[in-house]
Amino acid sequence: MKRFSFSLQLLLGLVVGAALGFVARAGEVVWLADTLTEVGKIFVQLLKLAVPPLVFTAVVVSVANLRNVSGAARLAGKTLMWFMITSLASVAAAIGLGLLINPGRGVTISTEGAKAVDLEGAGTWVDFLTGIVPINIVTAFTELNVLQIVFLGVVLGAAAMAVGEKAEPFLNLSRSVLELVQKALWWVIRLAPIGTAGLIGKSVATYGWDLLAPLAKLSAGVYIGCAVVLLVIYPVALSLVGRVSPLTFYRNAWPAIELAFVSRSSVGTMPLTQRVTTERLGVDRDYASFAVPFGATTKMDGCAAVYPALAAIFVAQVFDLPLDLGHYLLIAFVSVVGSAATAGLTGAIVMLTLTLSTLGLPLEGVGLLLAIDPILDMIRTATNVTGQMVVPVLVGRSEGRLDEAVFNAPPQPLDETTAERAEAGAGETGGTGRERELVSA
């Protein structure tokens, strides 16, 4: 398999999984469908296993590392600004698309069996804000509440900066744990072609296209909306603001985008996103160590902008409830301010619940969309992760923290051998001769 690039391995897994899923569905081969389901489930479980220590240590170290970055406040401010600008552009495109295609108009799906979904800590803005602070530190990790883990990481990282030298033992421990987790998680990522086959095969075998029939407009709208973000909004920003080639960006960023599509986890993809951002896109390592983990937990243009906007319009039309300009402005506000509610792992269900409750729309609408959520989540997560790489490139370019030689060089191989040589200090060189590591803190 080392003869094939990682991207090609993922593509082969995608094709093989789809073919096996089609065989399992068409021939009603139960054991094959069960096998694909278990393979995909195990892969996702392995990704989730690393999430609590990965997110916590990554946020702690990234916040603490800001003290070593000149103009850290300016960098953080620019990063937040571009998060907001691209989110606003994404939600505006989604609202425009929703008004054009009217995804819920003419849908005859029954709403009688739909149950209201009121997730704890997600139903209202008060729940969301109070849910950020954990009642018990242990349960934040055991219950995999990523938002609370991020809060703890930010607080302790800031405290470590304030304490100074006395906090170095804690920061060194955090860096060591982060490197260990990312090393182990990289081994899991190397299994992604197999996990891809299981996840895609399970989706095809379980759902096929039958499930999309009554929700065809919404499903198509989400994919088209994300395509507009990926192929119009991001390229325009890269060309006009970053003054870099969008084609080169996508060529270099493709492995992370592809893994995000099949894994449906921004946090699970984060180690690969980190490597791609520094080793292939040329973003300064110190800045990327802050921007990528921060983006993996807050930058969600697919889950927090495109999907909630289209889904809110769909739910309003299905329940025959009119929306006015004020509602659309609220959708835009929620997409920008509430995007942290998705927290890189929970998918878009929390964000959709928050959006519907803010607009006063029936939460039963969430129940209508749960069945197709796995299918839509693939393109949403791919859009999320792409945005998490676009913004560091934009900010890095404007701040002189983007190595154009690395960005424009042929894509560096993302294989274990190269990483181990770099990690061992053997001076592994890329297109510019710059030393590289497996994963930056």
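Helices here are DSSP runs of H or I with at least four residues, numbered from the N terminus.

E399 also forms a salt bridge with the side chain of R74, at 2.9 Å from N to O. R74 lies in helix α4 (residues 72-101) and E399 in the loop between α18 (373-398) and α19 (404-408), so this pair ties together parts that are 325 residues apart in sequence.

Buried means under 20% relative accessible area, exposed over 50%, and partly exposed in between, with a 1.4 Å probe and protein chains only.

## A salt bridge within helix α2

The structure holds nine salt bridges, and another of them joins the side chains of K41 and E38, at 3.5 Å from N to O. Both residues lie in helix α2, three residues apart, which is about one turn of the helix. K41 is partly exposed, with a relative accessible area of 40%, and E38 is partly exposed at 39%.

## How α2 packs against α9

Two packed helices are described by the angle between their axes and the distance between the axes. The axes of α2 (residues 30-49) and α9 (residues 192-206) come within 7 Å and cross at roughly 130°; axes are lines fitted to C-alpha atoms over the stretch in contact, and angles run from 0 to 180 degrees between N-to-C directions. That angle makes α2 oblique to α9, because under 35 degrees counts as roughly parallel, over 145 as roughly antiparallel, 65 to 115 as roughly perpendicular and the rest as oblique.

The contact, meaning heavy atoms within 4.5 Å, includes L36 and F43 of α2 and I194 and L199 of α9.

## About the model

Residues are numbered from 1 along each chain as its sequence is written, and side-chain values use heavy atoms, leaving out hydrogens and water. Because the model is predicted, local features need pLDDT of at least 70 and side-chain atom pairs count only at pLDDT 80 or more, while totals for chains, interfaces and linings use all residues.

How values were computed. Helix = DSSP H or I, 4+ residues; strand = E, 2+ residues; numbered from the N terminus. Salt bridge = Lys/Arg side-chain N within 4 Å of Asp/Glu carboxyl O.
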